[in-house]
Amino acid sequence: MTRNSKALAWRILAGLYAVSGTGWIRHRGRVVILTYHRVVSDQMVRDEHIQPGMYVRAQSFEAHIAYLRNRFTILSLDELLDLWQTNRLKSDRSYCVITFDDGWKDNYQFAFPVLMKHGVPATIFLATDFIGTARWFWPDHMMVLLEKCGQQATGATDRKAVSAVFEETIGVTLSAADGIFRRVGSGDPIDPDAIIEICKRVEVGRIHQIIDRLSCALHMDLPTHRVLLDWDEVREMAGKGMTFGSHSGSHRIMTQISLSEVKTELIDSRKTMLEQGIKPVPVFCYPNGTFDRDVQELVRENGYRAAVGCEVGLELDRPDDLFALKRIGLHEDSSASAPLLALALSGFR
């Protein structure tokens with residue numbers, strides 16, 4: 001099935017789900033914790049190389065908030081934890097919590113005004129080493145380079161050099177003829193998102209070396225304008241009711257570093273927020289949603305009351321595991337209309 005036919009089938013299913021009224025029943029007595037990353041303008045979509053799964057448009061986000069306010073009791077994370085602790089969630093109500101991962105500047109530009117307009121609470125999980133800097137996360141630099149690789153303006157010689165980098169490091173080639181990425185050995189096409197997922201298995205220092213080599217091969221300077229929040233913006237939002245939690249400091253995948261480094265990330269990220277005048281919520285957000293039992297135990301031991309990952313699903317009146325809370329990620333392709341949003345909120349995959 002092609003990507004377009006899959007999208008059409010999903011839209012048809014969404015329409016049927018929306019008119020069925022099943023959502024009212026499915027959410028009753030349950031909690032949906034939402035994950036957003038970026039909320040962007042149409043101009044940013046045109047100009048920036050943003051992964052499709054990383055953003056919603058500003059107008060879509062406002063429509064989401066109107067939809068959620070009409071159908072859910074929207075709680076802050078602190079309120080949810082307290083209701084769970086005291087067993088006070090009501091079986092005849094549907095609950096929602098809104099979270100953002102990473103700490104993007106556009107959260108302040110586009111999401112924050114909408115949340116304030118509607119009086120809706122939300123929590124932003126900050127990768128604290130990046131806040132107040134011009135640093136980029138490596139997947140975003142990689143996406144810029146991958147987009148450049150696929151452009152017809154990229155010469156065959158440059159593509160050959162790029163292909164050599166990928167083949168040596170992650171087992172992918174780039175055709176000099178058509179700019180299509182393929183897996184070494186099988187020849188199967190592979191898209192930029194899949195390449196980034198492959199790179200996540202590589203040690204982060206090695207990834208930065210790959211990015212440097214690609215930049216040189218393409219004769220391209222990487223962008224350095226600020227894309228993440230600064231601390232003044234964080235403090236302004238905190239002063240108006242937004243809350244913040246830890247997404248680690250370095251944004252490294254916790255299962256790929258030593259447990260002593262994990263502990264340092266847990267402690268120092270929280271300490272940084274306190275030093276900046278921000279009282280963090282006692283909830284940790286695992287980078288890439290990746291964790292194991294050892295990481296969970298360290299989170300628990302270091303004073304956090306809960307943690308969120310990327311497992312898709314709804315939570316009940318008593319969560320199965322406070323340190324592996326399920327969430328539902330929203331992005332433009334999955335939620336650009338009310339029926340699509342309704343189906344996404346169901347937690348069905």
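Helix packing and a buried serine

Trainee: How many residues of α15 are buried?
Mentor: In this predicted model, α15 is mostly covered, with 7 of its 9 residues buried.

Trainee: Which ones are they, in α15?
Mentor: The buried residues of α15 are L340, L341, A342, L343, A344, L345 and S346.

Trainee: And what comes just after α15?
Mentor: Just after that helix comes G347, which takes a positive phi of about 85 degrees.

Trainee: At what angle do α4 and α15 pack?
Mentor: Helix α4, residues 58-71, packs against helix α15, residues 338-346, at an angle of about 60 degrees, and the two axes are 11 Å apart. That angle makes α4 oblique to α15, and the crossing in which α4 passes α15 is right-handed.

Trainee: Which residues make that contact?
Mentor: From α4 the contact is made by H64, Y67 and L68, while α15 contributes A338, L341, A342 and L345. Sorted by class, the contact of α4 with α15 has 6 nonpolar residues, 1 polar residue and no charged ones. Of the α15 residues named here, L341, A342 and L345 are also among those that are buried.

Trainee: Switching to α7 and α10, how do their axes cross?
Mentor: The axes of α7, residues 138-150, and α10, residues 204-217, cross at roughly 25 degrees and come within 10 Å. The two helices therefore count as roughly parallel, and α7 passes α10 in a left-handed crossing.

Trainee: Which residues meet there, between α7 and α10?
Mentor: On the α7 side they are W138, H141, M142 and L145, and these meet V204, I207, H208, I210, I211, L214 and S215 of α10. By class, this contact of α7 with α10 has 8 nonpolar and 3 polar residues, with no charged residues.

Trainee: New topic: where does S94 lie?
Mentor: S94 lies in the loop between α5, which covers residues 77-86, and β5, which covers residues 95-102.

Trainee: Is S94 buried or exposed?
Mentor: S94 counts as buried, because its relative accessible area is 11% and the cut-off for buried is under 20%.

Trainee: What does the side chain of S94 reach?
Mentor: The S94 side chain reaches the backbone oxygen of H27 at 3.2 Å.

Trainee: And which residues is S94 in contact with, leaving aside its neighbours within four places in sequence?
Mentor: With those neighbours left aside, S94 is in contact with W24, H27, R28, R30, R71, F72 and T73. One of these, H27, is also the residue whose backbone oxygen the S94 side chain reaches, and another, R71, falls within the residue range of α4, 58-71.

Methods:
Residues numbered from 1 in each chain as written. Predicted model: local features only at pLDDT ≥ 70, side-chain atom pairs only at ≥ 80, totals over all residues. Heavy atoms only, no water. Helix = DSSP H or I, 4+ residues; strand = E, 2+ residues; numbered from the N terminus. Buried < 20%, exposed > 50% of the residue type's maximum accessible area, 1.4 Å probe, protein only. Polar contact = N/O pair within 3.5 Å; in protein donor to acceptor, adjacent residues only side chain to side chain. Contact = heavy atoms within 4.5 Å. Axes fitted to C-alpha atoms, helices over the stretch in contact; angles between N-to-C directions. Parallel < 35°, antiparallel > 145°, perpendicular 65-115°, else oblique. Left-handed = near helix turned anticlockwise from the far one by under 90°. Nonpolar A, V, L, I, M, F, W, Y, C, P; charged D, E, K, R; others polar.
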